[in-house]
Amino acid sequence: DNEFKKRIGFKGDLSEISVLICNDYNIGEFISNKIVTMGYEDFNFILTTTKGTFFVKIFADVKPLKDCIRYCDIIECAVKNKIQTPNLLKINSHPLHIIKIKQKKLRVVLMDYISGKTLFETKSKLNQNELRFLAIQAALINSMKIKPKKVYDSWAINNFLIEFGKTKKFLKSQDLKLINPLIPEFKKIQKEKLPHCFVHNDIIATNVMKDINGKLWIIDFSVGNYYVRIQELAVMGCNIFTKEKFAIALSEYRKKIKLTQKELELLPLYI
């Protein structure tokens, strides 16, 4: 618990924070909490009260306030555009709430709790209807009219050349044999001439949940950015879709978004 609390610089009992959230949001009396250990940066936990169960995100101390607001704006836009993602609860018409406790200011968002597990946890295989659903969700996300200020993401395909320059000295020769032929191909891409849009950028097994009713939910928009459009499909093609499943998903996606011939040509390279 203490390792996770370091992310927000808090040494007290989590129940203290929980009670404050219950009171501020008027969501009933505190019953229990449980830290969510998945996730790399923020402090997340599940809060159970007399009125139900909720998901709490406390932004890490290292995250600037503008990035916290950015996160909220993206989620609100996603909900508005009927993306299947948990809704944010508000105080005074805004989802971002500041809690003051023991000389600390904690930036908090409270959202609906999805009772279920991620695809990574369940290891469940997607059926064709679920494949199509995720493809449609990706198309809806890529249709969102939002262009948030860019946040650098070292994992993003967009930053492949930059990150390769930093890490190639650590790679084994067999890995370099796979990667080196891609370098000149990637350098040739004129990214500025390709269609751009808002991209979730991380629709993978750890960020897709299946609830107790079998419904799929897309979570964690924290690395969402304005990128080359095919980056969305490429990430999905590397993780939750096999080659055969990807063909089904691509066909469904193209019913909503008409990819250009150049995008179709470059998609395998992005994958």
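In this predicted model, K245 lies in helix α10, which covers residues 243-256. Leaving aside residues up to four places away in sequence, K245 touches K125, L126 and L131. The C-alpha atoms of K245 and I212 are separated by 24 Å, and these two residues stand 33 residues apart along the chain.

A second residue to look at is R229, which is found in the loop between β11 (225-228) and α9 (230-239). Is R229 buried or exposed? R229 has a relative accessibility of 13%, and because buried means under 20% relative accessible area, R229 counts as buried. Not counting residues up to four places away in sequence, R229 touches a list of residues that includes N142, P195, H196, Y253 and E263. With E263 there is also a polar contact, made between the side chain of R229 and the side chain of E263 at 2.7 Å.

Two packed helices are described by the angle between their axes and the distance between the axes. The crossing of α9 and α11 is right-handed, and the residues that make the contact are listed here by helix.

| Helix | Residues in the contact |
|---|---|
| α9 | I230, Q231, L233 and A234 |
| α11 | E263, L266, L267 and Y270 |

Sorted by class, the contact of α9 with α11 has 6 nonpolar, 1 polar and 1 charged residues.

Conventions
Residues numbered from 1 in each chain as written. Predicted model: local features only at pLDDT ≥ 70, side-chain atom pairs only at ≥ 80, totals over all residues. Heavy atoms only, no water. Helix = DSSP H or I, 4+ residues; strand = E, 2+ residues; numbered from the N terminus. Contact = heavy atoms within 4.5 Å. Buried < 20%, exposed > 50% of the residue type's maximum accessible area, 1.4 Å probe, protein only. Polar contact = N/O pair within 3.5 Å; in protein donor to acceptor, adjacent residues only side chain to side chain. Left-handed = near helix turned anticlockwise from the far one by under 90°. Nonpolar A, V, L, I, M, F, W, Y, C, P; charged D, E, K, R; others polar.
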